[in-house]
Amino acid sequence: MSVDRASGVPLGEQLVGQVRDLVARGVLCAGDPLPSSRVLAERLGTSRGTVVTAWDVLAGEGYLTADHGATRIAPDVRVVPAASELPVSTTPPRSSRPRRSVVNTGQIDLRPGKALIAELDTPAWRGAWRDAASANAGEVPLRQHLAEYLRLNRGVVRELDDIVITAGARDGLQLVLRVLGALRGRRLRVAVEDPGYSALRRVVEATGHVAIPIPVDGFGLDPANLPTGEWAGTGTWDVAETPDVVVVTPGHQYPLGGTMPVSRRLELLRWARRHSAVVIEDDYDSELRYTGQPLPALAALDTDRDTVVTLGSFTKVLGNGVGVGHLVAPDDLLPKLHTLRAELGSPVSVVAQRAIARFMDSGHLQRHTARMRRAYRRRRSLIGQSLANLPGVAVVPMAGGSHTVIEVPDEVAAVAATARRGVLVSGLGEYWAASANRARTRTMTPAPDTTEGGRTAPGSELRNGLVLGLTASDAHLERGMRVLRDVLTPGP
């Protein structure tokens with residue numbers, strides 16, 4: 001609201017006309033509060049009497065009502081202004097327009113990363129945020145807790161100043177690519193897993209660099225498949241050119257689930273040093289492994305601290321709504337990463353950092369993570385039992401994580417049929433670099449994975465598959481599995 005002293009219209013009439021107009025256009029709806037006469041008078045630079053008079057007029061017309069000392073739009077207001085009072089508008093009041101429903105439509109969303117993690121709604125979690133928002137919350141010890149976590153859980157020994165706070169893996173990847181691109185003075189060639197996490201591949205492309213898809217097998221990316229050509233400087237890109245950066249998920253390849261063995265990790269580090277490349281490790285869900293012990297992070301093998309960047313995130317444990325992560329990097333990159341972070345500003349609020357630190361300090365993060373591991377293991381077992389003995393259907397064995405992959409005879413048909421029944425799942429084909437040149441068309445024979453009980457490890461030999469998240473409730477997952485079993489059961 002505003003007043004125009006040069007218009008010749010009395011100020012009170014201007015206020016009355018503006019409220020009528022706001023109600024007519026649906027900007028103000030029944031029950032909405034209005035500023036007090038004193039506050040609005042100060043804001044507009046008018047006398048309080050002018051506002052009081054305008055409010056009295058509007059109350060007499062049925063626009064306003066007084067409710068417990070507050071002035072509000074009347075609960076039953078339904079006003080169509082006269083043409084002489086307001087400009088003609090074809091937009092009905094908001095109170096009478098149909099609104100988009102925010103109520104659950106009955107669909108069950110089993111896609112990875114889509115469902116909410118209800119288990120986090122606990123007094124300890126709410127208390128951590130309440131304490132973090134307190135005026136007496138004090139310093140933010142998040143990097144101290146992260147340093148302890150990396151040392152005890154990932155075998156990575158770093159000081160507080162070696163850790164950069166990020167908003168998650170994509171934010172961390174963007175920072176690293178910006179720094180490396182500036183250092184090398186050109187677009188980077190970035191090797192990415194194929195199939196792999198498409199969001200990271202999009203970050204590579206959005207930052208102006210070139211993603212080079214590298215096929216994976218049952219143990220993840222094989223350094224033997226990395227191109228070793230030379231940069232021609234022609235402005236064109238050839239897959240035979242050596243990558244500047246390799247982005248990998250060695251702890252739990254996404255989405256196929258393989259674990260990169262130590263021998264292959266060491267080979268990857270030797271390849272990177274030989275070609276002056278940087279390896280970016282997305283350590284996205286190592287804490288969710290529930291079969292055997294997780295291998296140390298790739299950065300733990302980088303004893304010279306000159307090759308590996310490790311991206312960490314709380315997304316898989318605490319949900320997508322918690323945009324807090326971290327990275328550690330080679331010593332020569334850290335000063336530039338800290339400078340760039342300071343120049344761009346932190347996307348993570350101090351309150352969020354305090355809340356995560358308090359949640360970690362209290363021990364509740366560890367307990368919550370243990371609960372999630374048990375829940376994911378139970379839900380994966382439920383999926384296996386629900387789809388047992390279906391011809392052409394197999395749940396790919398994985399050592400952990402918050403998603404699962406199911407081999408099916410016809411991926412496209414299964415995705416469409418479940419959607420028609422109100423259950424949303426993702427197709428495995430979404431994770432290849434290009435649908436016209438999917439790695440699924442390659443013929444690759446994976447090595448046996450003895451960590452999976454001697455069974456054949458998952459790999460690029462998969463032809464069709466579904467990717468399901470495990471974060472939905474047990475009840476939704478059970479209903480979804482009944483639908484999926486019906487869809488995948490062959491007809492007569």
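Contact means heavy atoms within 4.5 Å. By that rule, Trp129 touches Val351, Ala352 and Ala355, not counting residues up to four places away in sequence. This is a predicted model: local features need pLDDT of at least 70, side-chain atom pairs count only at pLDDT 80 or more, and totals for chains, interfaces and linings use all residues. Residues are numbered from 1 along each chain as its sequence is written, and side-chain values use heavy atoms, with hydrogens and water left out.

**Overall make-up**

- The protein has 15 helices and 16 strands. Both are DSSP runs numbered from the N terminus: helices are H or I with at least four residues, strands are E with at least two.
- Of the 492 residues in the protein, 49% are buried. Buried means under 20% relative accessible area, exposed means over 50%, and partly exposed is in between (1.4 Å probe, protein chains only).
- Take contacts between residues at least 6 apart in sequence: 72% of them join residues at least 24 apart.

**Around Trp129**

- Trp129 sits in helix α4, residues 123-132.
- Trp129 has a relative accessible area of 30%, so it counts as partly exposed.
- Phe359 is 230 residues away from Trp129 in sequence, yet their C-alpha atoms are 8.6 Å apart in space.

**The eight-stranded sheet**

- Eight strands form an open sheet with mixed pairing, in the order β4-β11-β10-β9-β8-β5-β6-β7. Two strands pair if DSSP finds at least two bridges between them.
- The edges belong to β4 (163-166) and β7 (220-221); each has a single partner strand, so one side of each is left without a neighbour in the sheet.
- β4 and β11 (residues 325-328) run antiparallel and are joined by four bridges. Thr166 stands opposite Gly325, and Val164 has Leu327 as its bridge partner.
- β11 also pairs with β10, again antiparallel over four bridges. There, Thr310 is the bridge partner of Val328.
- In a regular strand the side chains alternate between the two faces of the sheet.
- Both faces of β11 are covered. Gly325 and Leu327 are buried on one side, His326 and Val328 on the other.

- Helix α8 (residues 262-274) lies across β6 (210-217), β7, β8 (245-248), β9 (278-282) and β10 (308-313). Helix α8 runs at about 160 degrees to β8.
- Axes are lines fitted to C-alpha atoms, for helices over the stretch in contact; angles run from 0 to 180 degrees between N-to-C directions.

**Pocket and cavities**

- Both kinds of space are found on a 1 Å grid over the protein atoms alone. A cavity is a set of points where a 1.4 Å probe fits but cannot get out; a pocket is an open set with protein on both sides within 12 Å along at least five of seven lines; lining residues have an atom within 4 Å of a point.
- Grid points are joined across faces, edges and corners, and a volume is the space filled by probe spheres set on the points.
- The largest pocket holds about 700 Å³. Its lining has 24 residues, with Arg170, Tyr197, Ala199, Lys316 and Asn320 nearest the centre.
- Helices α6 (169-184), α7 (198-206) and α10 (315-318) each supply at least two residues of that lining.
- Three cavities of 30 Å³ or more turn up in the whole structure. The largest cavity holds about 150 Å³.
- The largest cavity is lined by 18 residues, and Gly251, His252, Asp285, Ser286 and Arg289 lie nearest its centre.
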